[in-house]
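Student: Could we look at a structure together and work through some questions about it?

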Protein chains: 2
Amino acid sequence: MSNNNATSVPEAYPMNGGDGEYSYTKNSSYQRAAANVAQTLIDEAIAEKLDIEDFSSASSNVFRIADLGCSVGPNTFACVQNIIEAVKQKYGSQMPDFHVFFNDHAANDFNTLFASLPPERHYFAAGVPGSFHGRLFPEASLHFAHSSYATHWLSKLPEEVTNKNSPAWNKGKIYYTTSPDQVFNAFAAQFRTDMAIFLEARAKELAAGGMMVLIMQTIPDGIHQSRIPTGIMFDFLGSILMEIAKEGLISEEEVDSFNIPVYTTTPNEMAELVERNGSFSIVKMESTSPWLKVGHIVNNTQQRLARELRAGMEGVFKTHFGSDIVDQVFDRLNDKSGKLINQLESSHKQGTQLFLALKRK
Amino acid sequence: MSNNNATSVPEAYPMNGGDGEYSYTKNSSYQRAAANVAQTLIDEAIAEKLDIEDFSSASSNVFRIADLGCSVGPNTFACVQNIIEAVKQKYGSQMPDFHVFFNDHAANDFNTLFASLPPERHYFAAGVPGSFHGRLFPEASLHFAHSSYATHWLSKLPEEVTNKNSPAWNKGKIYYTTSPDQVFNAFAAQFRTDMAIFLEARAKELAAGGMMVLIMQTIPDGIHQSRIPTGIMFDFLGSILMEIAKEGLISEEEVDSFNIPVYTTTPNEMAELVERNGSFSIVKMESTSPWLKVGHIVNNTQQRLARELRAGMEGVFKTHFGSDIVDQVFDRLNDKSGKLINQLESSHKQGTQLFLALKRK
C-alpha cells in the first residue's frame with residue numbers, strides 16, 4: 001500500500017533545500033514562469049470541465065488537492081492558491097474545506113517547505129513524503145492532482161545506460177541529445193514504464209470526476225533534441241564535465257557512467273500513454289513556452305542562469321561526482337554562460353512546455 | 001481556517017531533532033514506556049467502543065488517524081501501528097485504506113521523521129505542521145486522534161508569570177511546584193484555555209463516532225506537586241539554574257523570568273473540561289504509571305536520565321538561556337543525577353499518567 005511496494009526504490013535528487021545562495025527557494029524563476037504560463041490554462045480547465053456534482057454524493061465536504069513533486073516552495077504555494085481560487089468559482093454556497101497535500105521525495109527539505117507555508121492560507125496543509133512513481137494516497141480520495149516540472153524526472157536511470165558493455169552506454173556524454181538511438185530508446189522506455197506506473201497510481205487515487213494537470217517539458221514533433229533549450233543546456237554541462245576530465249580531475253569513465261535522469265516526451269507520446277492507461281479522458285492538451293516569458297534570465301544576468309540551473313540540477317551531479325566537482329562545474333558554467341546564452345537565444349523555444357489536463361472517468 | 005487564526009501564535013519547543021547523542025529519537029524511552037502502558041488500554045477502548053458502522057454511511061473507505069504532537073519518532077510509529085492493528089480487528093472484509101497524519105509544530109524535525117518512516121508500513125503517511133491549539137484538519141475528516149505526552153505543554157507561558165510586577169512572578173523558580181498559589185493559578189488558567197481550544201478543534205475535526213485517546217501526565221488528588229516525579233525533576237533543574245546564577249554566569253532575573261510551559265492536570269479537571277466542551281463522551285479514564293515500568297532509567301545509568309531529560313527539555317531552555325548555559329545545566333544534571341535518582345525513588349509515582357479515551361458524540 002505504501003510507495004515502498006514498488007519493485008525498486010526510486011532515486012531522489014531533490015532540489016536544493018534551505019534558503020541560501022543556491023537554494024531552489026531563491027532560484028526557481030524559470031519554474032515560476034512555467035507555472036504562470038500554465039495558470040490561465042488551469043483556470044480554463046477547471047471552469048469548463050470540473051464537475052462539482054461529481055463529488056456532491058460524497059457525505060464529506062472536503063476538496064483534496066495534491067501537488068506532486070512540490071519541492072521546497074515558493075512556486076507550489078502560488079500554484080495551489082490559484083487552483084483553490086479557480087475551484088471556489090465553481091462552488092456555490094456549500095464551500096468545502098480545502099485539504100492540500102504537498103508531495104515530494106522523503107529526501108526533499110520538508111522543514112523548509114513547512115516553515116514557509118503562507119501564514120494566511122485558507123486551507124489545511126499536509127506534507128506527503130514519497131515517490132509519485134507509486135501509491136501515495138487512499139483510493140478515490142483526491143479531487144485535483146497537479147504536477148509541474150516533476151514528471152520528466154525518471155524514477156531511475158535505465159539499466160542499459162549504466163552498463164559499460166551495453167550499446168546504450170553513453171560514452172563522453174551525460175544526456176541523449178546527440179547519442180546513438182540505443183541511448184535514446186533506453187531513456188524513452190524508462191519514461192514509458194514510469195509514466196504507466198504514475199498514471200495507474202493516480203487513477204486509483206483520484207475520485208471519479210477528479211482532475212489532474214501535468215505541466216512538463218516537451219519537444220515538438222520534427223524538432224531535434226539538440227535544438228531545444230534542455231538539450232542545449234545538458235550538452236553544455238556535459239562538455240564542461242568532459243573538459244574537467246581532460247584535465248585529469250575526474251576520469252572520462254566517471255563522465256561516461258553519469259547521465260541526467262530526465263526525459264523529454266512529445267505530446268503524441270503522452271496522449272498515447274494516457275489512452276493506454278484508459279482511466280482518464282484528455283480535457284485539454286496544449287504546447288506553450290515559458291522560455292518566451294523568462295527574458296530576465298536570458299537577458300539580465302548570466303550569473304542568474306547558472307544559479308537556476310544549479311538549484312535544480314546540483315543534487316544529481318553531487319550524488320555522482322561529489323561536492324568539489326559540482327563547484328567546479330557550476331563555476332565554469334558561470335564563466336561560460338555568455339556562450340550558453342547565445343546558444344539558447346537561437347534555440348527552438350516554441351512548444352517546449354506541455355500542458356495536459358486529464359479527467360478521471 | 002489554518003492554525004494561524006488563533007489570536008496568538010503558539011510557541012514551539014520541539015524535541016531535539018536528528019539522530020545524534022542528545023536526539024529525542026535516541027532518548028525517549030520514558031515516552032515509549034508511557035506508550036506501552038497505554039497500549040492495552042487503547043486496544044480495549046477500540047475493541048469495546050469503536051463503532052465502524054458510524055463510518056459505513058460515508059461513501060469513502062478511508063480510515064484517518066492523527067497523532068498530535070508526534071515529535072520525530074520512533075514512538076509515534078509503534079503507536080500508530082498498534083492503533084491500526086486494533087482497528088483492523090473491528091473491520092470485516094471491507095478493510096479500509098488507512099491514512100495516517102503525523103502532526104507537530106512546523107519547527108519539529110519532519111525531515112528526520114519522514115526519513116525514518118517504517119519502509120514496510122501498510123498505511124499512507126502525511127505530515128501536518130502546526131499547533132494542535134488550533135484547527136489542523138477539515139471538518140469531520142478524522143476517525144481516530146491520538147496524543148501522547150504532548151497536551152501537557154502549554155501553548156505559551158501565562159502572561160502574569162512573565163510580568164515582574166505581578167504576584168504570579170515566579171522568583172527563584174522555574175516551575176510552580178512550591179510557588180505561591182498565584183503562580184499555580186496562572187498555569188492552571190492557561191491550561192484550561194488551551195485545552196478548551198484543543199477540544200473545540202478536535203470536536204470539529206472528528207467524525208461522529210470517532211475516538212480520541214489522550215495520554216498525559218497527571219497528579220492524583222491530594223498529592224502535592226513536590227512529591228511527583230515531574231515536580232521533583234523540574235525543581236532539580238531550577239536549583240541547578242539558581243546555582244549557576246549564584247556563580248554569576250547568568251543573572252537571577254534570567255532564572256526568575258524563565259518557566260517551563262508545562263502543566264500537570266488532575267483526572268477531575270480533565271473530566272470537567274471534557275464535559276464543558278460537550279461534544280465528547282468519556283469512554284474510559286484511568287490513572288496508571290509508566291514510572292513503575294522504567295526501572296532501566298532509574299536503576300541503570302544516571303547518564304541515561306540526564307540524556308532523556310535533555311532530549312525533551314533542551315529546546316525550551318535553549319530559547320531562553322542559549323546553548324552554552326544549556327550545556328552547563330545538563331552537564332551538572334549528569335553529575336548530580338545520583339541525588340536526583342534518590343529523590344525520584346522515594347517519590348509518589350502511582351497514578352501519575354492519565355489515560356483518557358473519548359468518543360465524538
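Predicted model: local features only at pLDDT ≥ 70, side-chain atom pairs only at ≥ 80, totals over all residues.

Student: Which kind of axis relates chain B to chain A?
Tutor: Let's begin with the superposition. Chain B can be laid on chain A with an RMSD of 0.0 Å, using a turn of 180 degrees and a shift of 0.0 Å along the axis. That is the relation of a two-fold axis.

Student: Which residue of chain B comes closest to the rotation axis?
Tutor: Good one to find in the picture! Here the distance is taken from the C-alpha, and it is 2.4 Å. The residue of chain B is B:Gly127.

Student: How many residues of chain B are in contact with chain A?
Tutor: Contact here means heavy atoms within 4.5 Å. On the side of chain A, 34 residues take part. For chain B, the number in contact is 34.

Student: What area is buried between chain B and chain A?
Tutor: Carbon and sulfur atoms give 58% of this area. The total buried between chain B and chain A is about 3000 Å².

Student: How far apart are the closest N and O atoms of B:Asp97 and A:Arg135?
Tutor: The count of salt bridges between chain B and chain A is two. B:Asp97 and A:Arg135 form a salt bridge, and the cut-off for one is 4 Å. Their closest N and O atoms are apart by 3.8 Å.

Student: Which element gives the largest share of the side of chain B that touches chain A?
Tutor: Four elements of chain B each supply at least two residues of that side: strand E1 (62-68), strand E2 (97-104), helix H4 (110-115) and strand E3 (124-129). The largest share is six residues, and it comes from E3(B).

Student: Is A:Ile240 buried or exposed?
Tutor: First, find A:Ile240 in helix H6 (residues 229-246) of chain A. Its relative accessible area is 0%, and the cut-off for buried is under 20%. Therefore A:Ile240 counts as buried.

Student: How far apart in space are A:Ile240 and A:Phe330?
Tutor: Along the sequence, 90 residues separate A:Ile240 and A:Phe330. Not counting residues up to four places away in sequence, A:Ile240 touches A:Val329, A:Arg332, A:Leu333 and A:Lys336. From C-alpha to C-alpha, the distance between A:Ile240 and A:Phe330 is 9.0 Å.

Conventions:
Residues numbered from 1 in each chain as written. Chains lettered and ligands numbered in written order. Heavy atoms only, no water. Least-squares fit on C-alpha atoms with pLDDT ≥ 70 in both. Buried area = accessible area lost by both parts, 1.4 Å probe. Salt bridge = Lys/Arg side-chain N within 4 Å of Asp/Glu carboxyl O. Buried < 20%, exposed > 50% of the residue type's maximum accessible area, 1.4 Å probe, protein only.
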